[in-house]
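Thanks for coming. I will keep this brief and go from the whole protein down to one residue.

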Amino acid sequence: MYYYNLIVDNRSRMTDIGYTYSSTQKLEIGTVVYVQFGKSVNPKMAVVISDADRDSIINSDITIKEILSVYEEFCLSKESVEIALWMTSRYAIRKIDALKLFFPQGKKAKRKSPKDMVLDTCGESMKIVRLTSEQETVVEEISSAIESKKNKTFLLHGVTGSGKTEVYFRAIERAIAHRKNIIYLVPEITHIDQILRRLVDRFGQDVISVIHSRLSPSQRFIQWQKVFEGKSRIVLGTRSALFVPMSNVGVVIMDEEHENAYKSDMTPKYETVDVAYKLSKINDAVLVLGSATPSVVSYYRAKTGIYSLIELKHRYNKAPLPSMSLIDMSEELREGNPGILSSKLYVEIYKTIERQKQVILFSNRRDITQVIESTCKKLFPKLSTVRLDMDIATKKDVATNTIREFELGLHDILIGTQIIAKSIDYKNVGLVGIISADSSIRSGDYRGGERTFQLITQVAGRAGRGDFYANVVVQTMDSDSFYINAAINNDYVGFYQREISFRQMMNYPPFSDIVEISILGKNLDICTKNMNEYLEYVGGINILKELEFLSPREDVSFQTKDNSKIIVMCKCPLKLRAKLVKTCNIFSVKMGKDRDGSTIMLDVNPY
């Protein structure tokens, strides 16, 4: 008889612990099984996470239930189980929730399976004649790490248009040559279409899978199954692609690593860059984090030796960065222009269209995109104007089709929010106009300045990616802003030096973790009572005296007829994060015993 510790798929956090079962057959870690659990009549699914101590079980009088059956359709790898259990200790998420991230994605079609969408994708060449000297140096560094088969993390800091994508593709080529597989992550679904076409052109359709949430369940299952069966060498997708059953991983790529879309804001909550770092370490793989505007945390890690910093300081073939103009909209108002477009931007739109180039108008505020669209249609009635923001992008294929149409020159002006601001390689954009550039600074988040710098730099980088000059017009009510001017001058180092000094003084990340602790319950009184008890419990632990808590507050945006939520923010020293997570897990069990229906959750460094 063999004995194993299992995590059972049960809803209660109280039962999210290891249970020992026996089996007449030897099982591997990651095997999925069915067991009888508690008083439930129906069998429960469970995952084997470790071998149990056979001697202690035999020498005890404990009755051990036997595993009912093994689920033959799939299993988890030992590495997947290790990552899932690590995630529970880092993010205070349930073990079963972390394990289920690695379960099959989508559902098998009941009738006829749909055609693989990758096989319908036509290739698109990037038309790279040769690498620049900077690219050659960077590719050689990454390739050496791949060939050594030792884990290493690179932060690739490259200006917009410097050829980071070609560096990724050369890394993929080298990994395939050494019989290794690749996970290629992008922050948004809208980025996938163009990259997929280019991957198909370079590597063919048969070796690629695509994973993201907009695929139909049956299509998503087809993509997952290709990986599970070992048919795919490259997996392209958003953050969920990190959890596919890819064996023999040699390279993990995170393009636009700074994007907050990589942070899961739904249960289970996790930070993709951390999981990618752990996955690459377990696989002795190379992790490449790429961005024109690296997050302050990532750049700090590179400067302190956790990552290796590699740089592309010039655009491909020394193409010039666009010319930047800063417009003070308060001056426009004083001169009698109350409109949303400055006089400068209005004139530049006309000039750009006369040169047969396209225009992008960007705003980080969803509430005025429609206003910009109606203004443009009124001022430029003969031009084709199209809008793309999250309100529109939720409709199936709308975002992909709109971007593709703009790439093909079917529209003159593209108006949008963050969805159009990054990663996509537009070849004919001669002008970018940034409306309300200072809106992120006023968000109240300590990262507001960082986001402002990143957004201006990223959206400006969509201009002039061909062999022609381009302009960027930045409109703001705060023309003296350090962050806006740093972006105008393309001064990432100057921005970083000031920002890291500010964060060190304030003890913000990367020098601490900001943790949101929330309790959900039937009403505000129950939530408040439990939160006060939790804070009293934590306050009684001497080693946690360094934690800094703000006063609890009600989350009025969450409140429903049946539930309330109370939140407290905590500034946690890095060394105490694991202990804070443990207090959450312990208190969660206590609340479960109280049976008042309350739950406690942590969100580490929330956006």
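How much of the protein is made up of buried residues? The share is 55% of the 607 residues. Please keep in mind that this is a predicted model.

Now the overall make-up. The protein has 19 helices and 23 strands. Along the principal axes, the C-alpha atoms fill a box of roughly 85 × 55 × 50 Å.

Next, contacts. Take the contacts with a separation of 6 or more: 76% of them are between residues 24 or more positions apart.

The accessible surface is about 27,500 Å², and carbon and sulfur atoms account for 49% of that.

Where is Thr88 placed? Thr88 sits in helix α2, which covers residues 78-91. Is Thr88 buried or exposed? Buried means under 20% relative accessible area, and Thr88 counts as buried because its relative accessibility is 7%. Which residues does Thr88 touch, leaving aside those up to four places away in sequence? They are Ile93, Arg94, Lys95, Ala98 and Val581.

That is the tour, from the whole protein to Thr88 in helix α2.

How values were computed. Residues numbered from 1 in each chain as written. Predicted model: local features only at pLDDT ≥ 70, side-chain atom pairs only at ≥ 80, totals over all residues. Heavy atoms only, no water. Helix = DSSP H or I, 4+ residues; strand = E, 2+ residues; numbered from the N terminus. Buried < 20%, exposed > 50% of the residue type's maximum accessible area, 1.4 Å probe, protein only. Contact = heavy atoms within 4.5 Å. Areas by Shrake-Rupley, 256 points an atom, 1.4 Å probe, with all protein chains shown as cover.
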